[in-house]
Structure formats: C-alpha cells, structure tokens
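Colleague: I have a structure open and would like to learn how to read it. Where do we begin?

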Amino acid sequence: MSERTPEKGPVGGTPAGSTDSGLLLDGQSGGEPGGPTGTGDVVAHAMASGHGDDGSVDARQASLWSDAWRQLRRNKLFLIAAFLLLVLSVMAMFPGLFSSINPSDRGACQLSSSKLGPRSDAWFGNDIQGCDHYANVIYGARVSMIIGLVVVGGSTIIGIVLGALAGFFGGWFDTLMARITDIVFGLPLLLGAILILGVFPERGLPQVCLALIVLGWPTTLRLFRASVIAVKDTDYVAAARAMGATNGRIIVRHILPNAIAPVLVYATIAVGGIIAAEATLSFLGIGLQLPAVSWGLQIGSGQRLIRTAPHIIFFPSAFLSVTVLSFILLGDALRDALDPKTR
Amino acid sequence: MTSTVPQAVPAPKPTVTGGAPLLEVDDLSVEFRTDYGVVKAVNGISYTLAAGETLAILGESGCGKSVSAQTIMGILDSPPGFVTHGEIRFRGEDLLKMSAKQQRDIRGEEISIVFQDALSSLNPVFTVGAQIGEMFRRHRGASRKDAKASAIELMDKVRIPSAKERVNDYPHQFSGGMRQRVMIAMAIALDPAVLIADEPTTALDVTVQAQIMDLLAELQRETGMGLILITHDLGVVGEIADRIAVMYAGRIVETGATDAVFTAPAMPYTEGLMASIARVDQKGQRLNPIVGAPPNLAMLPPGCEFAPRCPRATDLCVAERPPLREIVPGRRSACHYAEEVLGA
Amino acid sequence: MARYIARRLLLAIPVLIGASFLIFAMVFALPGDPIRALGGDRPISPAVQEQLRDQYNLDDPLLVQYGKYAGGLLQGDLGTDFSGRPVADILEQTVPVTVKLALVALAFEAVFGLIAGVLAGIRQKSFFDNLVLVSTTLVVSIPVFVLGFVAQYVLGLKLGIFPVAGVASGFQGYLLPGFVLAALSLAYVARLTRTSLAENLRNDYVRTAKAKGLTPLSVVGKHTLRNSLIPVVTFLGADLGALLSGAVVTEGIFNIPGLGRAVFGAIQTQEGTVVVGIVTLFVFVFILFNLLVDVLYAALDPRIRYE
C-alpha cells in the first residue's frame, strides 16, 4: 500500500500565489559533474562529519549557517533584494522621510487636481480625490510589510509547532492534521480568504491577517513535518536518544535546527505571496477598506480609469511587484545558500 | 586468444589486412573545465586493441580510466569535458574528426559499452525489452515486433531465465546480476567490434561477479570482439585479460602482458597494487596498502605523480616526470627506476 | 489500481463533507440579514419575509440547515438562489465559460511552459536559460490583477490586438484572459520543467542512451522528457486550485460571465446556496484532479504501483 502524500502542497495558490511550490523545488543547480575536486563532496563531507554529541551538532550548524552567509554575501541578487527590502522597511516605518505629505491629513488632497498625470511637483500625479499619488504609494508600503510579516510569522510558528508534533509523534494527531490540511488545500487560497473575510462586518488589518494565517499554516506544517520525519531517523538523533535525551530536548536541540532551513526559505518567498494576496483581496473590495492606505485599494480605485489615468494603477502596481520580487529573490538566494547540493 | 605486442610508436595507417589494430588511442588528453579550475583527467594516454583481444585498464577510482572510456564512446559531457589533444582511431579513422552523425552510427553498432551500475544506467520507465530492442530499431530500422523478438533472443543468449516472459518487465523488477545481463545484452546486440566494460562487476555480489565475467569472456570468444575491461579489481584482470595498462593520475604508468606484469611489476605503483591484494599463499600476513592519496588532478606536481606515495622516490622523481618507455620488448613503464623495480 | 481509486474516492468523502460544512457555516455566519439585504431600499412585508425564511430554512439551527441542504444535494438538488433560480441553472451557464477559460490557460501553460522549460533545461546557463529564469521570476512577482491590467492596457488598448473585455466576440475573447490566468503557472511549469529536465539529464541512463547512438532529439525526447514530466504533471494537477482562484480575479477584470464572477457576486450578496454550491464544486474538482494526477503518475512511472 503506497499512498503518496505530496509534501509540498499547493498553497491553494493565490492568483498572486507566489507562495506555491514551484520555486522551492527549483534548484538552480549548475551542471558541474564534479571532477575529483568537486567541492560538493567536501561540503557534504564537512556536514556529515561529527555526528553524535551536542557539541558537534552545534559545530555542524555553525558551519552550515556561516557557509550560507559567506555564499549570500557574494550573491548579487541577494544584495539587490536585501537593499530594496531595507528601503521598503524604512519606507514602512518612517514614510515621512520619503514624503512631506501625509495622505491621511486633511487638506492633503485638492479635488481640483483629480487624476492629473505625473509632473515635476507631483512625481506620480494625483488620484481621483486629487491626493498626491506619490505620498499614497509611499504610505502604502506599511500595510503590505506588516501583513506580510505578521501572516508569515504567525503561520510559520503554528506550522512548526503542529508540524513538529505531527511528524515526531505521528499517530492520530498526524492523521487529524493530514485531514485538516487536505480540506484547507482543497480550498483555493483566495476563495477561502474571501469566505472567511465575508464573516466580518468590518475588515481591517487584524481580520485580513487572521484569514491569511488560517489558510497559510498548513503549508508550513507539511513542509516542517516532512523535514522532521526525514531528520528523525538519522543516526545522530538515534545517538541522542540512546544517551537518554528527552523528546522535547531532541526536538528543540536536534531536529529543529536541521529541519528549519526549508521552512525558512519557504517563509521568505511566502511573504511576497501574502503581500500579493492582501493586495488582491483589497483590490477585490473584500480585504482592507478605505480609508486604509493600501496598494491593492489604490489599484482597485484606478481600475475604471485605466484608459484615462493609467498612472493611478501603474505606480502602486510597480511598488507592489518590486516588493514581491524582492522577497522571492531573497528566498531564492537563501535556498541556494542553504542547499549544499547547489554549491 | 592472441596476444599482441603493443607498439612503441603509433602504428602507421593500417591496411585492410589482419593484424592491424582495431582501435588505437593516441596521446589522448581530456580535461574538465569547472568553476573551480581545470581538472586534467586524462593526460596523453596511448594504447591499441586488436580484434579478439582483451585489454584491462587498471587503476584507482578517479585515475581517468572511465573518462577515457567515455571519450572513446563519444559520450563525454561537454562542457565541462574537453578533448584537448590526441586521436582515437577506429579501423584507422579518427573518431574525433567524424561528424556527429557518423559518430552516432558507430556508437552501439561498432563500439559498445557496459556501465558499472545497471540499475541507474537503465531507463526506469521503459521495459528491458524495449531498451534492448531500441538498438535494432535505431541502427537496423527493425519493426517493434522484430526488435522485441531479437531482444528475447539476446536475453536468452546472456542466460536470463524465461526471457519470453520477462521481456516486458521493468529494470527495477530484476536482480542486480540479471540487470547487468540486460546491460550486456544491450551492448552486444549488434555484434560490436569493440566492447568496453566499465567496472562491469563492481556493484555486484562476489558470486555474481564471477558469472558475469565468465559470460563476458564467453561472448568474446564467440564473437571475436575486442574487449576493454576497465576495473580496479586485480582478481578479475588476472583471469581474462591478455594485456594490462595501469593508469595513475590520468596517465598510463605501465603496460605489458598480464602474466609478465603480474609476476614482475616494473613500476612501484603496480607493485603496491599487487601487494595490497589478499592472496591465498599470503594467509596470515598483513596486507600492505599504498599509503597516501592520489594527487589532485587540478594541481598536478611537476615530477612523477606517484612520487609522494612511492617508497623508492628520489629527488629525480620529484623534479622530473618519467616518460612511458619500453624497458624490455612488450613491456613499458613510466618509472625512472623501472629496471631496478623489475629486477627486485 | 481500481481498488486504489475506490479507496481514494472514499477518502475524499469526509474531506468534501468537511469542506462543504465549513463553507456552509462561514457563509451562513455572514453578518446581516440576507432577506432584508435582498429587498434593498424597498421594505419587504413581514409575511413575505417569513415565507422566504421558511423556504430557505433560515430559522433552523446551523446543523439542521446543513443536514437539509446535504440531503437535497444527494438527490441532485443544489437549491435555488433568492430569486428562485436553481443553482444548477447558474452552474449550467457559468461552468462552460470557466472551463473554456481554464482550458485556454492550461493550453498556454502546457505548450509555452514546457517549451521554454525544455529549451532552458537542455542548455543550462545559456542566454535563453537566463532569459527564462529572469522572466519567470518577474512574472511570478506580478500579481495576476496587475498583470491583467498591464495586458489590457498594452495589448488591448495600446496595440489593439485583443478585445479588452468580454467574450461576446467568441473564442478570441478568451485568449487574453486565458493568457493572464496562465501566466503565473506558466512560469512555474517552465521552471519546474527546466530543473527536472536538467536533473534527469545527469542520470546514468541518459549516458546509456547516448552510448546507443541515439540522436540528441531522442535522448531528450524519449529517454528524458517522460521522466522529467512527472513533477510537472503533479504540479498541473495541484495547480487547478490556483487556476480557479485566479478565475475570480481574471473574470472580474475581463468581465467574463463565468464561475469565478458568479461566486464572487454571490458572496457579496450573501447568496448562501450559490456560494456553497460553487465552492464545493471547486473542492470536488480539485480532489478529482489530484486523483487523476496520481493515476497519471503511475502511468508515467512504472516503479509506482498503487494497491
């Protein structure tokens, strides 16, 4: 009896579902069939050496992460993505540094300048209300970053805790989790989010976060569960057990550090997907509501004006896409750095 | 079996008459250009093979013996692998200068190969019958039905029991030994003139190893093909090889008739190999492994590659690389002190 | 194999029930009174209200409501919307539209995704390979609704190659939305094919195929592609959820009267029976496709045997 459980689940897949499995599976591994000097072997050897006690586990981990860091620093795409994300983070925390106008202030908008195009004193033009579109777009970063980080942070923690329990202990709890994730995976992410958000009369940041966390954690669970099962049967866990380590200690000390890498890579890429999902929901009118400042809302408001004022859609779209792209590039770079095979 | 004496100089273009070597490898060099530097895997090797002859190429893993085999087959991955020098003449014509199509027509039809690991070398998603039959379909334009009939015949020939029933099975449904028989059936399907067996028994149980070697020897007697046996197993070599070429660090370091080399090696490395195998008459004595590891092929030393591990190494060995030279008729060695080693 | 399929279908039943109940519960937990919302500005007489409530079992407890609904479902009765139109009718009108859209999208994915992936995979690190990597990363980063606008603006408005919206003009109207819907998955298919092919090309049996004297075309086409397609097929099956999800957005942007727009509209007007009907259908199709993928998997890889 062999039932395959696809471990990398479809994240239901938002239309913006960059959270889907493809990127994770996709190693951009080069094709050097290592000559006798292939460094792959060296790394594998370094990683394989020193099984057994806690000290060498630390050493192995330390070398994995420091190797990864060394590799990252040389990766141009990583540097670009990190720089962009740094700028976007500052933009989210201190939008005032970038724009002297706060779109929420009274008097920030002049109806007379409604829909005017980009020009020297209003780089991105004005929206329907006549507000400065540049200020709109700058202030829109905050919501995206908060939702991306909160949702991914939340679903990662839930997924790791439940995934560790399911993978380590198996049994009825594992079966229950498998069925629940089946149900959530059966539901396309966006549709699920629309359904959940429909329950709330008022929709703000907390509601949107909640809906996306509810739909997001099963992926992390499956990913982490698979890692845990793979690590559980290794010799060094057996050794730790033989030396009398408790289950809790084995999970935290031995399994977690070794199983965390794929989850971390997935989470990084997922931030981009979640940001896109929020924008999509807000765009559809089922996510954040005015007067919230969100790229999705801005794009939605320009929907009917695509013929006359395309700049209203263009600028928030560009910022949104660059943000998502940055997280994806970061995740890609992280994966390459953490996967010994691709070195 | 005939035993040919290796030529000291590359043979002149052969005439159609017999005696001319079937395959001549002449000063062949292959390197891999990787991100981590250039790895010189094969450095100017030469040998010849006549019809009906068995040449064993002996060496540790990573010495370039498999790379040279893949180069002869024309299946070297390029990039990163590049032939930098030399010729491979089959019936007098340089394979390396042929068009891609001409090369493909020879591949499988005239020169064939058996790989080490039959499980990974057979395609998991096709039946063995289809994979053996593909030879007939590709080279002889056989119909699907005829190809299958030929496949069954071949499976009988390599003594796979109940071939008729098993022809539709997939590789994973066979045992290791049977899978290797499938590989062999595929390789000899079109009666090739040259068969290269690249460590054909390494992945198998000892008892099965003997059966496979017997099968190869028998097939060779029947068909008169030239056999290049690549191995690191001295026991295998002694039984069926006419001649031996010992490779070390991408270079041939000693050649000669099997018996001669076995009884009196003329190169310390060969000597070390002999000393490191268990023999019945040495029961109770310690084995003597060669100490140290082969050199890094990306950074070859200027002198003799074996010098760092050689018990006889002198300053001369470290400074100057000894060429492969004839020491007695039919014997060549790449050691400054070959005569002394031979006399020892 | 038949037993395996039967077992999988049995396993799907609790998932379907769980999902439809969950959807049902969420839909009927929606705030506000759907009957009053139905009337809009005009007040509805209490008597009519009562009758409607009764007709839709709105006063029963949730479990009872669901029981009645599921009972009807088993007899092929999907219920009616508030204006009395059978949900089955709505499905009959919208399903063909969405199926056409999804098929166009799948075709784009399969054809362009596979071609790009194969070409990039056999020539790793070539210019084309890098082009595929860069462009797929970009496509993956652009949310579908943004991509929809870009396509509408550039191809529809500026260049005038495609109709901007609607499917009144027939098949042509499906091309642009189909492409937009496919874009994200197309990128994944290309990358997955590329990686999978490149990995498989390093297998020993590829070396064997070359040693047999096969042409490069049959080395790749016959001996490698089939093995490489296995993960791609898995992806396509799982991807159906994403396509349906994307249909909600794509159909909205391009004004296409399909399932996605119907379900979105129904959620906003709190048409519970319509929402539950359509979403349960989505889940069912999704489960069915995953089963299909697993069966196809066994056909592609003889090492897999289901019992």
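Modeller: With the elements. Helices and strands are DSSP runs, numbered from the N terminus; a helix needs at least four residues and a strand at least two. Read that way along the sequence, chain A gives α-α-α-α-α-α-α-α-α-α-α-α. Keep in mind that this is a predicted model.

Colleague: How many helices and strands are there in chain A?

Modeller: Twelve helices and zero strands. Of its 343 residues, 46% are buried. Now take the contacts in chain A between residues at least 6 apart in sequence: 71% of them join residues at least 24 apart.

Colleague: Chain B, then. In what order do the eight strands of the open sheet run?

Modeller: The order is β6-β7-β8-β3-β9-β10-β12-β11 in chain B, with mixed pairing. Look at the edges next. β6 (111-114) and β11 (325-328) of chain B each have a single partner strand, so one side of each lacks a neighbour in the sheet. From one strand to the next, the twist averages 25°.

Colleague: Show me one pair. In which sense do β3 and β8 of chain B pair?

Modeller: Parallel. β3 (residues 54-58) and β8 (residues 226-231) of chain B share five bridges. To find your place, go to B:Ala56; opposite stands B:Leu229 in β8(B).

Colleague: Which helix lies across β6 and β7 of chain B?

Modeller: Helix α7 (residues 176-188) of chain B does. Its angle to β6(B) is about 175°.

Colleague: Which residues of α5(C) and α12(C) make the contact?

Modeller: From α5(C), C:Ile90, C:Thr94, C:Val95 and C:Thr98; from α12(C), C:Leu259, C:Gly260 and C:Ala262. By class, that is four nonpolar, three polar and no charged residues.

Colleague: Last one. Which domains does the assignment give for chain C?

Modeller: Domain 1 (2-74) and domain 2 (88-300). In chain C, 15 residues of domain 1 are in contact with twelve residues of domain 2. On the domain 1 side, α1 (2-28) and α2 (34-39) of chain C are the elements giving two or more residues. α1(C) supplies the largest share, eleven residues. That side of domain 1 of chain C has twelve nonpolar, two polar and one charged residues.

Methods: Residues are numbered from 1 along each chain as its sequence is written. Chains are lettered from A and ligands numbered from 1 in the order in which they are written. This is a predicted model: local features need pLDDT of at least 70, side-chain atom pairs count only at pLDDT 80 or more; totals for chains, interfaces and linings use all residues. Domain bounds come from an automatic or database domain assignment. Two residues are in contact if their C-beta atoms, placed from the backbone, lie within 7 Å. Ala, Val, Leu, Ile, Met, Phe, Trp, Tyr, Cys and Pro count as nonpolar, Asp, Glu, Lys and Arg as charged, and the others, Gly among them, as polar. Two strands pair if DSSP finds at least two bridges between them. Axes are lines fitted to C-alpha atoms, for helices over the stretch in contact, and angles run from 0 to 180 degrees between N-to-C directions. A residue is buried if 20 or more other C-beta atoms lie within 10 Å of its own, exposed if 12 or fewer, and partly exposed in between; C-beta atoms are placed from the backbone.
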